[in-house]
Amino acid sequence: MLDEYLSNTDSLTCYLKYFVKDLKGKRILDYSSAKGIIQKELESLDCRVVNINDYSSGKFDGIVINNIDNNYDRVLFDNLYNLLYEE
């Protein structure tokens, strides 16, 4: 059921459009387990997207986190925060 929901990008499009309104053309990390669906949608919105598997490749202007383990992992979020540019 989750795969079906995630494959329907209409449910995510409005949120992603709002997220990227100031990030077009900038580097965004897709840190999600949505099997490339979010990455494709962000690319269609003119974003430079880096997949979760390549997240050690520098700093990012934004990070999309979707459908990861429900347990709050302070270390993970601290590490992701450190991947963002200051501004």
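Q: How do the residues of the lining of the largest pocket divide into nonpolar, polar and charged?
A: First, the ground rules. This is a predicted model: local features need pLDDT of at least 70, side-chain atom pairs count only at pLDDT 80 or more, and totals for chains, interfaces and linings use all residues. Residues are numbered from 1 along each chain as its sequence is written, and side-chain values use heavy atoms, without hydrogens and water. Ala, Val, Leu, Ile, Met, Phe, Trp, Tyr, Cys and Pro count as nonpolar; Asp, Glu, Lys and Arg are charged; the others, Gly among them, are polar. Here the lining has 4 nonpolar, 1 polar and 5 charged residues.

Q: Which residues line the largest pocket, and how much space lies in it?
A: Rolling a probe the size of a water molecule over the atoms shows where empty space is left. A pocket is an open set of points, on a 1 Å grid over the protein atoms alone, where a 1.4 Å probe fits, with protein on both sides within 12 Å along at least five of seven lines; lining residues have an atom within 4 Å of a point. Its volume is the space filled by probe spheres set on the points, which are joined across faces, edges and corners. Here the volume is about 200 Å³. The lining includes Asp22, Leu23, Lys26 and Asp61. Tyr81, Asn82, Leu84, Tyr85, Glu86 and Glu87 also belong to it.

Q: Which strands form the open sheet, and in what order?
A: Strands (E, at least two residues) and helices (H or I, at least four) are DSSP runs, numbered from the N terminus. Two strands pair if DSSP finds at least two bridges between them. The order here is β2-β1-β3, with parallel pairing. β2 and β3 are the edge strands, each pairing on one side only. Neighbouring strands are turned by 25 degrees against each other on average, direction ignored; the axes are lines fitted to C-alpha atoms, and angles between N-to-C directions run from 0 to 180 degrees.

Q: How many bridges join β1 to β2, and how many join β1 to β3?
A: β1 and β2 (residues 48-51) share 4 bridges. Leu29 has Val50 as its bridge partner, and Arg27 stands opposite Arg48. β1 and β3 (residues 62-66) share 5 bridges. There, Tyr31 has Ile65 as its partner.

Q: Which residues lie on each face of β1?
A: In a regular strand the side chains alternate between the two faces of the sheet. Buried means under 20% relative accessible area, exposed over 50%, and partly exposed in between (1.4 Å probe, protein chains only). In β1 (residues 27-32), 6 of 6 residues are buried. Arg27, Leu29 and Tyr31 lie on one side; Ile28, Asp30 and Ser32 lie on the other. Ile65, in β3, is partly exposed at 36%.

Q: Which residues of α3 are buried, and which are exposed on the face turned away?
A: In α3 (residues 37-44), Ile38, Gln39, Glu41 and Leu42 are buried. They fall within an arc of 165 degrees, so they line one face of the helix. That arc uses directions from the helix axis to the C-beta atoms. The face turned away carries exposed Lys40 and Ser44.
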